[in-house]
Amino acid sequence: MAKQNVMVTEEMAITAAAGKVPNATSTHFSFPPPRGNSGSVNFANYKKILTQLDLNGSGGRINAWVDSMKASSPTHIKSSSLLVSPIAASHDDEEYENSMKQQPSALKMFDEITAASKGKQIVMFLDYDGTLSPIVDDPDRAFMSENMRSAVREVARRFPTAIVSGRCRDKVYNFVQLAELYYAGSHGMDIEGPAKQPKYTKAKAKAVLFQPASEFLPMIDAVYKALVTKTESTPGARVENNKFCASVHYRCVDEKKWGALAEQVRSVLKDYPKLRLTQGRKVLEIRPTIKWDKGKALEFLLDSLGFADCNDVLPIYIGDDRTDEDAFKVLRDRGQGIGILVSKFPKETSASYSLSEPAEVMDFLHHLADWKCRLSLKERARSV
Ligand SMILES: O=P(O)(O)OC[C@H]1O[C@H](O[C@H]2O[C@H](CO)[C@@H](O)[C@H](O)[C@H]2O)[C@H](O)[C@@H](O)[C@@H]1O
(Lines give C-alpha, C1' and ligand atoms only; values in the text may rest on other atoms or scores of the structure.)
Protein backbone atom coordinates (compact mmCIF):
# COMPACT_ATOMS: atom_id res chain seq x y z
CA MET A 1 0.00 0.00 0.00
CA ALA A 2 1.26 3.46 -0.86
CA LYS A 3 2.61 5.47 2.05
CA GLN A 4 0.21 8.18 3.15
CA ASN A 5 1.22 11.64 4.21
CA VAL A 6 -1.51 12.36 6.69
CA MET A 7 -0.85 15.51 8.65
CA VAL A 8 -2.74 16.90 11.57
CA THR A 9 -1.13 20.26 12.14
CA GLU A 10 2.37 19.11 11.42
CA GLU A 11 4.04 21.42 13.89
CA MET A 12 1.82 20.19 16.71
CA ALA A 13 2.40 16.54 15.88
CA ILE A 14 6.15 17.00 15.82
CA THR A 15 6.34 19.13 18.93
CA ALA A 16 3.86 16.95 20.80
CA ALA A 17 5.91 13.88 19.99
CA ALA A 18 9.02 15.68 21.21
CA GLY A 19 7.18 16.77 24.36
CA LYS A 20 7.60 20.44 23.46
CA VAL A 21 5.07 23.24 23.45
CA PRO A 22 4.63 24.57 19.88
CA ASN A 23 4.61 28.26 20.69
CA ALA A 24 7.56 28.25 23.02
CA THR A 25 9.15 31.67 22.82
CA SER A 26 11.69 31.82 20.03
CA THR A 27 14.98 33.54 20.75
CA HIS A 28 14.59 35.29 17.38
CA PHE A 29 11.27 36.78 18.31
CA SER A 30 11.63 40.42 19.21
CA PHE A 31 8.17 41.92 18.84
CA PRO A 32 5.75 41.78 20.55
CA PRO A 33 7.47 41.00 23.84
CA PRO A 34 7.60 37.29 24.69
CA ARG A 35 4.60 35.94 26.55
CA GLY A 36 4.16 32.80 28.66
CA ASN A 37 3.14 29.43 27.28
CA SER A 38 1.07 27.90 30.00
CA GLY A 39 -2.65 27.46 30.15
CA SER A 40 -3.62 27.18 26.53
CA VAL A 41 -6.90 25.33 26.46
CA ASN A 42 -7.08 21.95 24.76
CA PHE A 43 -3.35 21.53 24.38
CA ALA A 44 -3.43 18.51 26.68
CA ASN A 45 -6.23 17.10 24.51
CA TYR A 46 -4.32 17.80 21.31
CA LYS A 47 -1.21 16.27 22.75
CA LYS A 48 -3.02 13.07 23.73
CA ILE A 49 -4.66 12.80 20.34
CA LEU A 50 -1.54 13.56 18.38
CA THR A 51 0.79 11.26 20.24
CA GLN A 52 -1.75 8.47 19.70
CA LEU A 53 -1.97 9.22 16.02
CA ASP A 54 -0.32 6.56 13.89
CA LEU A 55 0.59 8.58 10.84
CA ASN A 56 1.55 5.78 8.50
CA GLY A 57 0.52 2.50 10.07
CA SER A 58 -2.93 0.98 9.81
CA GLY A 59 -3.83 0.33 13.48
CA GLY A 60 -6.54 2.66 14.77
CA ARG A 61 -5.96 5.24 12.07
CA ILE A 62 -9.59 6.03 11.34
CA ASN A 63 -10.35 6.50 15.04
CA ALA A 64 -7.40 8.86 15.21
CA TRP A 65 -8.76 10.77 12.22
CA VAL A 66 -12.14 11.09 13.90
CA ASP A 67 -10.53 12.24 17.17
CA SER A 68 -8.64 14.80 15.18
CA MET A 69 -11.80 15.88 13.33
CA LYS A 70 -13.43 16.43 16.74
CA ALA A 71 -10.36 18.23 18.07
CA SER A 72 -10.55 20.65 15.16
CA SER A 73 -13.90 21.82 16.48
CA PRO A 74 -13.35 23.99 19.56
CA THR A 75 -17.08 24.28 20.19
CA HIS A 76 -17.27 20.51 20.31
CA ILE A 77 -14.57 20.26 22.95
CA LYS A 78 -15.88 23.21 24.93
CA SER A 79 -19.45 21.95 25.04
CA SER A 80 -18.41 18.41 25.93
CA SER A 81 -16.12 19.64 28.71
CA LEU A 82 -18.97 21.77 30.06
CA LEU A 83 -21.11 18.64 30.25
CA VAL A 84 -18.53 16.83 32.37
CA SER A 85 -18.64 18.87 35.59
CA PRO A 86 -18.71 22.40 36.98
CA ILE A 87 -15.01 21.97 37.81
CA ALA A 88 -14.29 21.43 34.12
CA ALA A 89 -16.28 24.57 33.34
CA SER A 90 -14.31 26.75 35.74
CA HIS A 91 -11.06 25.24 34.49
CA ASP A 92 -12.20 26.23 30.99
CA ASP A 93 -12.74 29.84 32.12
CA GLU A 94 -9.35 29.93 33.78
CA GLU A 95 -7.71 28.62 30.62
CA TYR A 96 -9.57 31.22 28.58
CA GLU A 97 -8.24 33.99 30.85
CA ASN A 98 -4.71 32.60 30.51
CA SER A 99 -5.00 32.49 26.75
CA MET A 100 -6.16 36.11 26.69
CA LYS A 101 -2.98 36.99 28.56
CA GLN A 102 -0.96 35.26 25.86
CA GLN A 103 -2.91 36.59 22.88
CA PRO A 104 -4.49 39.83 24.09
CA SER A 105 -7.10 41.56 22.01
CA ALA A 106 -5.60 43.38 19.00
CA LEU A 107 -8.25 46.06 19.56
CA LYS A 108 -7.26 46.63 23.19
CA MET A 109 -3.56 46.58 22.23
CA PHE A 110 -4.05 48.76 19.16
CA ASP A 111 -1.58 51.43 20.37
CA GLU A 112 1.09 48.80 20.99
CA ILE A 113 0.60 47.46 17.44
CA THR A 114 0.77 50.87 15.75
CA ALA A 115 3.80 51.82 17.90
CA ALA A 116 5.58 48.75 16.50
CA SER A 117 5.02 50.05 12.98
CA LYS A 118 7.00 53.27 13.58
CA GLY A 119 9.31 53.80 10.60
CA LYS A 120 8.02 50.63 8.95
CA GLN A 121 5.74 49.85 6.02
CA ILE A 122 2.73 47.84 7.13
CA VAL A 123 1.76 45.03 4.74
CA MET A 124 -1.62 43.40 5.41
CA PHE A 125 -2.40 39.72 4.93
CA LEU A 126 -5.99 38.59 5.40
CA ASP A 127 -7.44 35.10 5.43
CA TYR A 128 -10.98 34.89 4.02
CA ASP A 129 -13.34 32.30 5.61
CA GLY A 130 -13.90 32.91 9.31
CA THR A 131 -11.85 36.12 9.12
CA LEU A 132 -13.58 38.37 6.60
CA SER A 133 -16.76 36.30 6.35
CA PRO A 134 -18.60 34.39 9.07
CA ILE A 135 -18.54 30.60 8.92
CA VAL A 136 -21.74 29.27 7.34
CA ASP A 137 -22.97 25.78 6.40
CA ASP A 138 -22.88 26.34 2.64
CA PRO A 139 -19.35 27.23 1.39
CA ASP A 140 -20.86 28.85 -1.72
CA ARG A 141 -22.75 31.34 0.45
CA ALA A 142 -19.88 32.62 2.60
CA PHE A 143 -20.42 36.21 1.50
CA MET A 144 -18.63 39.12 3.07
CA SER A 145 -20.69 42.13 4.06
CA GLU A 146 -20.53 45.44 2.18
CA ASN A 147 -19.19 47.03 5.40
CA MET A 148 -16.38 44.52 5.57
CA ARG A 149 -15.59 45.12 1.89
CA SER A 150 -15.31 48.84 2.50
CA ALA A 151 -13.05 48.24 5.54
CA VAL A 152 -10.72 46.10 3.39
CA ARG A 153 -10.84 48.71 0.62
CA GLU A 154 -9.86 51.46 3.08
CA VAL A 155 -6.94 49.42 4.37
CA ALA A 156 -5.82 48.56 0.82
CA ARG A 157 -5.80 52.28 -0.06
CA ARG A 158 -3.12 52.77 2.58
CA PHE A 159 -1.13 49.54 2.73
CA PRO A 160 -0.25 46.74 0.31
CA THR A 161 -2.90 44.11 1.08
CA ALA A 162 -3.22 40.43 0.20
CA ILE A 163 -5.96 37.86 0.67
CA VAL A 164 -4.52 34.44 1.52
CA SER A 165 -7.08 31.65 1.30
CA GLY A 166 -7.54 27.90 1.01
CA ARG A 167 -10.15 28.55 -1.66
CA CYS A 168 -9.25 28.74 -5.31
CA ARG A 169 -8.22 32.24 -6.33
CA ASP A 170 -11.15 32.94 -8.68
CA LYS A 171 -13.69 31.97 -6.05
CA VAL A 172 -12.18 34.12 -3.32
CA TYR A 173 -11.83 37.01 -5.80
CA ASN A 174 -15.55 36.71 -6.60
CA PHE A 175 -16.36 37.05 -2.91
CA VAL A 176 -14.01 39.96 -2.20
CA GLN A 177 -14.28 41.82 -5.54
CA LEU A 178 -11.45 44.27 -4.95
CA ALA A 179 -9.03 44.49 -7.86
CA GLU A 180 -6.41 46.46 -5.95
CA LEU A 181 -5.43 43.47 -3.77
CA TYR A 182 -3.00 40.59 -4.13
CA TYR A 183 -4.72 37.19 -4.04
CA ALA A 184 -3.08 33.96 -2.90
CA GLY A 185 -5.58 31.14 -3.46
CA SER A 186 -5.28 27.35 -2.88
CA HIS A 187 -3.36 27.89 0.38
CA GLY A 188 -0.89 30.18 -1.38
CA MET A 189 -0.29 27.88 -4.38
CA ASP A 190 -1.89 30.37 -6.78
CA ILE A 191 -0.70 33.96 -6.36
CA GLU A 192 -1.69 36.91 -8.51
CA GLY A 193 -2.17 40.60 -8.39
CA PRO A 194 -3.02 43.29 -8.18
CA ALA A 195 -5.18 43.73 -11.29
CA LYS A 196 -5.72 47.42 -10.56
CA GLN A 197 -3.04 49.96 -9.63
CA PRO A 198 -3.22 50.32 -5.83
CA LYS A 199 -3.64 53.89 -4.55
CA TYR A 200 -0.92 53.73 -1.88
CA THR A 201 1.88 53.93 -4.42
CA LYS A 202 2.59 55.87 -7.58
CA ALA A 203 5.05 53.21 -8.70
CA LYS A 204 3.73 50.63 -11.13
CA ALA A 205 2.85 47.51 -9.17
CA LYS A 206 4.88 44.51 -10.24
CA ALA A 207 2.76 41.96 -12.11
CA VAL A 208 2.83 38.74 -10.15
CA LEU A 209 1.67 35.30 -11.12
CA PHE A 210 3.09 32.34 -9.25
CA GLN A 211 1.79 28.77 -9.29
CA PRO A 212 4.31 26.42 -7.68
CA ALA A 213 2.00 23.36 -7.90
CA SER A 214 0.89 23.62 -11.53
CA GLU A 215 2.06 20.07 -12.33
CA PHE A 216 -0.51 18.81 -9.79
CA LEU A 217 -3.53 20.20 -11.66
CA PRO A 218 -4.51 16.92 -13.40
CA MET A 219 -3.98 14.97 -10.16
CA ILE A 220 -6.17 17.32 -8.11
CA ASP A 221 -8.85 17.12 -10.77
CA ALA A 222 -8.75 13.31 -10.69
CA VAL A 223 -8.77 13.09 -6.88
CA TYR A 224 -11.62 15.62 -6.73
CA LYS A 225 -13.76 13.45 -9.05
CA ALA A 226 -12.86 10.28 -7.12
CA LEU A 227 -13.77 11.96 -3.81
CA VAL A 228 -17.12 13.17 -5.17
CA THR A 229 -18.02 9.65 -6.28
CA LYS A 230 -16.75 7.97 -3.11
CA THR A 231 -18.47 10.32 -0.65
CA GLU A 232 -21.82 10.46 -2.49
CA SER A 233 -23.27 7.96 -0.02
CA THR A 234 -22.49 10.15 3.01
CA PRO A 235 -25.36 12.59 3.58
CA GLY A 236 -24.14 16.16 4.03
CA ALA A 237 -20.58 15.53 2.78
CA ARG A 238 -19.41 17.97 0.18
CA VAL A 239 -16.28 18.08 -1.94
CA GLU A 240 -14.95 21.39 -3.23
CA ASN A 241 -12.45 21.75 -6.07
CA ASN A 242 -10.01 24.49 -5.07
CA LYS A 243 -7.86 24.10 -8.20
CA PHE A 244 -4.51 23.17 -6.60
CA CYS A 245 -6.16 21.45 -3.64
CA ALA A 246 -9.53 19.95 -2.72
CA SER A 247 -11.70 20.20 0.38
CA VAL A 248 -13.98 17.57 1.90
CA HIS A 249 -16.49 19.34 4.13
CA TYR A 250 -18.10 17.53 7.06
CA ARG A 251 -19.85 20.47 8.77
CA CYS A 252 -23.24 19.07 7.69
CA VAL A 253 -22.40 15.40 8.24
CA ASP A 254 -23.87 13.65 11.29
CA GLU A 255 -21.01 13.09 13.73
CA LYS A 256 -21.82 9.36 13.81
CA LYS A 257 -20.85 9.24 10.13
CA TRP A 258 -17.49 11.01 10.49
CA GLY A 259 -15.66 7.68 10.78
CA ALA A 260 -17.28 6.35 7.58
CA LEU A 261 -16.40 9.58 5.76
CA ALA A 262 -12.80 9.46 6.98
CA GLU A 263 -12.58 5.87 5.70
CA GLN A 264 -13.94 6.94 2.29
CA VAL A 265 -11.37 9.74 2.04
CA ARG A 266 -8.57 7.44 3.19
CA SER A 267 -9.52 4.82 0.60
CA VAL A 268 -9.24 7.41 -2.18
CA LEU A 269 -6.01 8.99 -0.91
CA LYS A 270 -4.15 5.68 -0.65
CA ASP A 271 -3.75 5.82 -4.45
CA TYR A 272 -2.24 9.34 -4.29
CA PRO A 273 1.01 9.24 -2.33
CA LYS A 274 1.95 12.67 -3.67
CA LEU A 275 -0.98 14.28 -1.89
CA ARG A 276 -1.27 15.04 1.81
CA LEU A 277 -4.06 15.84 4.17
CA THR A 278 -4.41 18.82 6.48
CA GLN A 279 -7.38 20.03 8.49
CA GLY A 280 -9.35 23.21 8.71
CA ARG A 281 -12.65 24.06 10.34
CA LYS A 282 -14.78 20.95 9.77
CA VAL A 283 -12.97 20.37 6.53
CA LEU A 284 -10.33 17.88 5.35
CA GLU A 285 -7.94 19.58 2.94
CA ILE A 286 -6.17 17.51 0.29
CA ARG A 287 -3.10 19.18 -1.16
CA PRO A 288 0.20 18.43 -2.93
CA THR A 289 3.14 17.31 -0.78
CA ILE A 290 5.24 20.27 -1.98
CA LYS A 291 6.71 22.45 0.74
CA TRP A 292 4.42 25.37 0.15
CA ASP A 293 1.84 26.86 2.46
CA LYS A 294 0.38 30.18 3.59
CA GLY A 295 3.66 31.02 5.36
CA LYS A 296 5.68 30.54 2.16
CA ALA A 297 3.11 32.63 0.27
CA LEU A 298 3.53 35.44 2.81
CA GLU A 299 7.31 35.38 2.30
CA PHE A 300 6.91 35.26 -1.49
CA LEU A 301 4.61 38.29 -1.44
CA LEU A 302 6.95 40.27 0.82
CA ASP A 303 9.78 39.53 -1.63
CA SER A 304 7.59 40.56 -4.61
CA LEU A 305 6.80 43.82 -2.85
CA GLY A 306 10.52 44.52 -2.49
CA PHE A 307 10.74 43.72 1.23
CA ALA A 308 13.10 40.74 1.10
CA ASP A 309 15.57 40.96 4.01
CA CYS A 310 14.19 44.37 5.05
CA ASN A 311 13.86 45.61 8.59
CA ASP A 312 11.54 48.45 7.67
CA VAL A 313 8.46 46.33 7.03
CA LEU A 314 5.77 45.16 9.45
CA PRO A 315 3.62 42.35 8.05
CA ILE A 316 0.29 41.90 9.85
CA TYR A 317 -1.46 38.57 9.23
CA ILE A 318 -5.03 37.95 10.41
CA GLY A 319 -6.48 34.43 10.22
CA ASP A 320 -8.67 31.94 12.05
CA ASP A 321 -7.62 28.53 10.85
CA ARG A 322 -4.99 25.87 11.49
CA THR A 323 -3.58 26.54 8.02
CA ASP A 324 -2.97 30.18 9.06
CA GLU A 325 -0.60 28.92 11.74
CA ASP A 326 2.04 28.41 9.01
CA ALA A 327 2.00 32.16 8.41
CA PHE A 328 1.95 33.03 12.13
CA LYS A 329 4.96 30.78 12.59
CA VAL A 330 6.88 32.47 9.75
CA LEU A 331 6.32 35.85 11.41
CA ARG A 332 7.36 34.51 14.79
CA ASP A 333 10.49 32.86 13.36
CA ARG A 334 11.44 36.01 11.42
CA GLY A 335 11.01 38.02 14.62
CA GLN A 336 9.12 40.46 12.46
CA GLY A 337 5.45 41.18 12.11
CA ILE A 338 2.25 40.51 13.95
CA GLY A 339 0.00 37.44 13.84
CA ILE A 340 -3.60 37.91 14.91
CA LEU A 341 -5.75 34.83 15.55
CA VAL A 342 -9.50 35.15 15.01
CA SER A 343 -11.20 32.91 17.53
CA LYS A 344 -13.90 33.01 20.18
CA PHE A 345 -12.20 30.11 21.92
CA PRO A 346 -8.66 29.79 23.24
CA LYS A 347 -6.46 27.78 20.89
CA GLU A 348 -2.84 26.77 20.72
CA THR A 349 -1.36 29.31 18.33
CA SER A 350 1.79 31.08 17.18
CA ALA A 351 -0.17 34.33 16.86
CA SER A 352 0.55 37.20 19.24
CA TYR A 353 -2.86 38.82 19.45
CA SER A 354 -6.48 37.80 18.98
CA LEU A 355 -9.81 39.06 17.71
CA SER A 356 -12.96 37.17 18.56
CA GLU A 357 -14.85 37.21 15.24
CA PRO A 358 -15.07 38.86 11.79
CA ALA A 359 -16.96 41.85 13.28
CA GLU A 360 -13.88 42.60 15.42
CA VAL A 361 -11.64 42.14 12.37
CA MET A 362 -13.72 44.82 10.64
CA ASP A 363 -13.31 47.19 13.62
CA PHE A 364 -9.58 46.58 13.65
CA LEU A 365 -9.29 47.32 9.90
CA HIS A 366 -11.31 50.54 10.30
CA HIS A 367 -9.11 51.63 13.23
CA LEU A 368 -5.97 50.92 11.23
CA ALA A 369 -7.15 52.86 8.17
CA ASP A 370 -8.26 55.83 10.34
CA TRP A 371 -5.01 55.83 12.27
CA LYS A 372 -2.94 55.88 9.05
CA CYS A 373 -5.12 58.63 7.60
CA ARG A 374 -4.61 60.82 10.70
CA LEU A 375 -0.89 60.10 10.69
CA SER A 376 -0.54 61.10 7.02
CA LEU A 377 -2.46 64.36 7.66
CA LYS A 378 -0.19 65.18 10.61
CA GLU A 379 2.92 64.44 8.55
CA ARG A 380 1.63 66.62 5.70
CA ALA A 381 0.82 69.50 8.10
CA ARG A 382 4.32 69.25 9.58
CA SER A 383 5.98 69.39 6.17
CA VAL A 384 4.08 72.56 5.10
O1 LIG B 1 -8.15 29.81 4.12
P2 LIG B 1 -9.60 30.14 4.17
O3 LIG B 1 -9.99 31.31 3.34
O4 LIG B 1 -10.08 30.26 5.60
O5 LIG B 1 -10.31 28.85 3.54
C6 LIG B 1 -10.37 27.62 4.25
C7 LIG B 1 -11.59 26.84 3.80
O8 LIG B 1 -12.67 27.76 3.90
C9 LIG B 1 -13.95 27.34 3.44
O10 LIG B 1 -14.48 26.42 4.36
C11 LIG B 1 -14.78 26.99 5.62
O12 LIG B 1 -15.81 27.98 5.45
C13 LIG B 1 -17.08 27.47 4.98
C14 LIG B 1 -18.01 28.65 4.77
O15 LIG B 1 -18.16 29.41 5.94
C16 LIG B 1 -17.62 26.45 5.99
O17 LIG B 1 -18.83 25.89 5.52
C18 LIG B 1 -16.57 25.33 6.19
O19 LIG B 1 -17.01 24.44 7.20
C20 LIG B 1 -15.22 25.91 6.61
O21 LIG B 1 -14.22 24.90 6.67
C22 LIG B 1 -13.85 26.80 2.03
O23 LIG B 1 -15.11 26.31 1.63
C24 LIG B 1 -12.76 25.74 1.92
O25 LIG B 1 -12.65 25.33 0.57
C26 LIG B 1 -11.46 26.39 2.35
O27 LIG B 1 -10.41 25.46 2.22
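Q: Let's start with strand 12 and strand 13. In which sense do they pair?
A: Strand 12, residues 338-342, pairs with strand 13 in the parallel sense. There are 3 bridges between the two strands. Keep in mind that this is a predicted model.

Q: Which residue does Ile 340 stand opposite in strand 13?
A: Ile 340 stands opposite Tyr 353.

Q: What is the strand order in the open sheet of 8 strands?
A: The order is 6-5-4-3-2-11-12-13, and the pairing is mixed.

Q: What does the twist average from one strand to the next?
A: The twist averages 20 degrees.

Q: OK, switching to strand 9 and strand 10. How do they pair?
A: Strand 9 (residues 275-280) and strand 10 (residues 283-288) run antiparallel, with 6 bridges. In one of the bridges, Leu 275 is partnered by Pro 288 in strand 10.

Q: How many residues are between strand 9 and strand 10 in the hairpin?
A: The hairpin has 2 residues between its strands. Lys 282, in the turn, has a positive phi of about 50 degrees.

Q: Now the ligand. How many residues surround it, and which are the closest?
A: The ligand is surrounded by 24 residues. The closest are Tyr 128, Asp 129, Pro 139, Ser 165 and Gly 166. Strand 8 (246-249) and strand 10 each supply at least two residues of the shell.

Q: What's the shell made of, by class?
A: It has 10 charged, 8 polar and 6 nonpolar residues.

Q: And the largest nonpolar core: which residues touch the most other members?
A: Ile 163, Leu 301 and Ile 340 do, out of 54 residues in that core. Helix 13 (residues 358-383) gives the most to this core, with 6 residues.

Q: What is Leu 301 in contact with, leaving aside neighbours within four places in sequence?
A: Leu 301 is in contact with Ala 162, Tyr 182, Ala 184 and Ile 191.

Q: What about the second, separate core?
A: That one has 30 residues, including Met 189, Phe 216, Cys 245 and Val 268.

Q: Last one, the whole chain. How many helices and strands, and how much is buried?
A: The protein chain has 13 helices and 13 strands. Buried residues make up 43% of its 384 residues.

Key
Residues are numbered from 1 along each chain as its sequence is written. This is a predicted model: local features need pLDDT of at least 70, side-chain atom pairs count only at pLDDT 80 or more; totals for chains, interfaces and linings use all residues. A nonpolar core is a set of buried Ala, Val, Leu, Ile, Met, Phe, Trp, Tyr and Cys residues joined through C-beta atoms within 7 Å. A residue is buried if 20 or more other C-beta atoms lie within 10 Å of its own, exposed if 12 or fewer, and partly exposed in between; C-beta atoms are placed from the backbone. Helices (H or I, at least four residues) and strands (E, at least two) are DSSP runs, numbered from the N terminus. Two residues are in contact if their C-beta atoms, placed from the backbone, lie within 7 Å. Two strands pair if DSSP finds at least two bridges between them. Axes are lines fitted to C-alpha atoms, for helices over the stretch in contact, and angles run from 0 to 180 degrees between N-to-C directions. A residue is near a molecule or strand if its C-beta atom, placed from the backbone, lies within 6 Å of it. Ala, Val, Leu, Ile, Met, Phe, Trp, Tyr, Cys and Pro count as nonpolar, Asp, Glu, Lys and Arg as charged, and the others, Gly among them, as polar.
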